[in-house]
Amino acid sequence: MGFEVNASALSKRFGQRYAYRNVEFTFTSGILGVLGPNGAGKTTLLKTILGLVKPSAGEILVEGVNPRSPGFEKLLPRIGYVPELPVVPLWTTPCILLETLARLEGYTSVEARVRAREALEVVGLAGECETPIGKLSKGARKRVLVAQAFIGERELLVLDEPYSGLDPEWVYRVRELLRTVAREGATVIVSSHILRELEDIATHVLVLKTDQLFYGSIEELRAWLSGTPRIILSVAEPERAVEVLRRGGFNAYTINKGGQLVVAVEGADDPARVLSLLLAENIEISEYRVEKASLEEAYLKLVGAGDGLGGG
Ligand SMILES: Nc1ncnc2c1ncn2[C@@H]1O[C@H](COP(=O)(O)OP(=O)(O)OP(=O)(O)O)[C@@H](O)[C@H]1O
């Protein structure tokens with residue numbers, strides 16, 4: 001069973017500015033995706049979970065322990081962390097780095113050698129054991145960072161944008177790796193600003209934009225975000241159609257659908273009026289349909305607006 005992570009009324013302020021505010025969740029098992037645009041507070045929150053940042057208010061507990069209390073040291077060997085930036089010493093080799101880290105975790109030198117090689121195998125770098133890290137590609141350096149998080153028995157894995165810098169094959173492989181460790185019982189917390197990267201693997205999602213916008217299961221997020229249907233119109237003059245509809249009080253905007261600019265109108269409650277407004281302005285309509293926004297689009301709208309939306 002993985003570590004439980006519990007945040008209550010958690011906030012972090014740097015000077016007058018909040019990095020994140022009023023974060024509340026209890027996460028017991030599975031994969032938690034922490035989502036939010038740049039500057040939403042994801043990295044700061046993950047560091048708070050690891051005890052690297054002291055919260056300004058509220059409480060964070062990992063397996064019932066405050067990460068900034070002395071008792072947390074006992075849990076550290078069972079926690080893996082992949083920081084966001086691939087900051088690794090360039091002069092050393094993956095094997096020396098990983099063996100050293102394994103020794104620091106208490107493994108004997110023989111065990112450390114085995115652990116280091118196993119971890120490098122997992123990220124496809126067994127053949128680069130002796131290559132100076134400075135000679136590895138950016139993606140490979142990131143994979144060294146992923147490997148170090150997997151040395152030892154992990155109950156909690158915290159990964160800050162682990163996919164950034166990886167090619168599609170390794171995005172897929174790291175995703176599968178996370179799925180496997182979660183299935184084996186570890187609690188996984190992974191951040192990204194791209195919903196698509198997490199939507200297939202996350203069991204739960206926390207959406208931040210400084211304030212917590214949402215916490216719940218991925219199904220709840222889907223239901224919550226794509227609740228309102230909208231009208232999609234293919235028209236001869238999309239920009240003018242948007243202007244006309246906005247003047248008529250509708251929330252209309254253009255979107256790109258397969259290379260074609262179409263008009264979307266939020267809320268499909270008065271389609272007759274939408275059509276009559278456009279026809280009155282002689283705007284030719286070639287297609288009309290009602291659809292639900294994709295999860296990605298709805299998410300982008302949420303973090304783009306983010307004004308007092310609740311949820312969870
Ligand atoms: N040590 C610090 N001192 C002052 N402000 C900080 C510090 N660390 C983070 N911040 C601020 O806190 C806010 C949240 O930053 P954070 O890096 O946690 O966001 P993020 O969601 O991880 O962003 P990104 O997606 O760009 O990595 C930002 O406004 C940032 O400038």
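1. Domain bounds here come from an automatic or database domain assignment. For this protein, that assignment gives domain 1 (5–224) and domain 2 (228–292). The C-alpha centres of domain 1 and domain 2 lie 43 Å apart.

2. A word on the basis of these notes. Please keep in mind that the model is predicted, with local features needing pLDDT of at least 70, side-chain atom pairs counting only at pLDDT 80 or more, and totals for chains, interfaces and linings using all residues. Residues are numbered from 1 along each chain as its sequence is written.

3. Now the overall picture. Along the principal axes, the C-alpha atoms of the protein fill a box of roughly 80 × 45 × 35 Å. The protein has 10 helices and 13 strands (DSSP runs numbered from the N terminus: H or I of at least four residues for helices, E of at least two for strands). Of the 312 residues, 39% are buried (20 or more other C-beta atoms within 10 Å of the residue's own, with C-beta atoms placed from the backbone).

4. Which residues surround the ligand? Phe14, Ala19, Gly36, Asn38, Gly39, Ala40, Gly41, Lys42, Thr43, Thr44, Glu84 and His193 do, where near means a C-beta atom, placed from the backbone, within 6 Å. Helix α1 (residues 42–49) gives the most to this shell, with 3 residues. By class, the shell has 3 nonpolar, 7 polar and 2 charged residues (nonpolar: Ala, Val, Leu, Ile, Met, Phe, Trp, Tyr, Cys and Pro; charged: Asp, Glu, Lys and Arg; polar: the others, Gly among them).

5. Next, an open sheet of 4 strands, with antiparallel pairing and the order β11-β12-β10-β13; strands pair if DSSP finds at least two bridges between them. Because β11 (252–257) and β13 (285–292) each have a single partner strand, they stand at the edges, and one side of each is left without a neighbour in the sheet. On average, neighbouring strands of this sheet are turned by 30° against each other, direction ignored (axes are lines fitted to C-alpha atoms, for helices over the stretch in contact; angles run from 0 to 180 degrees between N-to-C directions).

6. Strand β10 (residues 229–235) runs antiparallel to β12 (residues 260–266), and 4 bridges join them. Ile231 stands opposite Val265 in β12.

7. Which strands does helix α8 touch? Helix α8 (residues 238–247) packs on the sheet against β10, β11 and β12, and its direction makes about 150° with that of β11. Contact means C-beta atoms, placed from the backbone, within 7 Å. Helix α9 (residues 271–280) also packs on the sheet, touching β10, β12 and β13, with its direction at about 20° to that of β10.

Key:
Two residues are in contact if their C-beta atoms, placed from the backbone, lie within 7 Å. A residue is buried if 20 or more other C-beta atoms lie within 10 Å of its own, exposed if 12 or fewer, and partly exposed in between; C-beta atoms are placed from the backbone.
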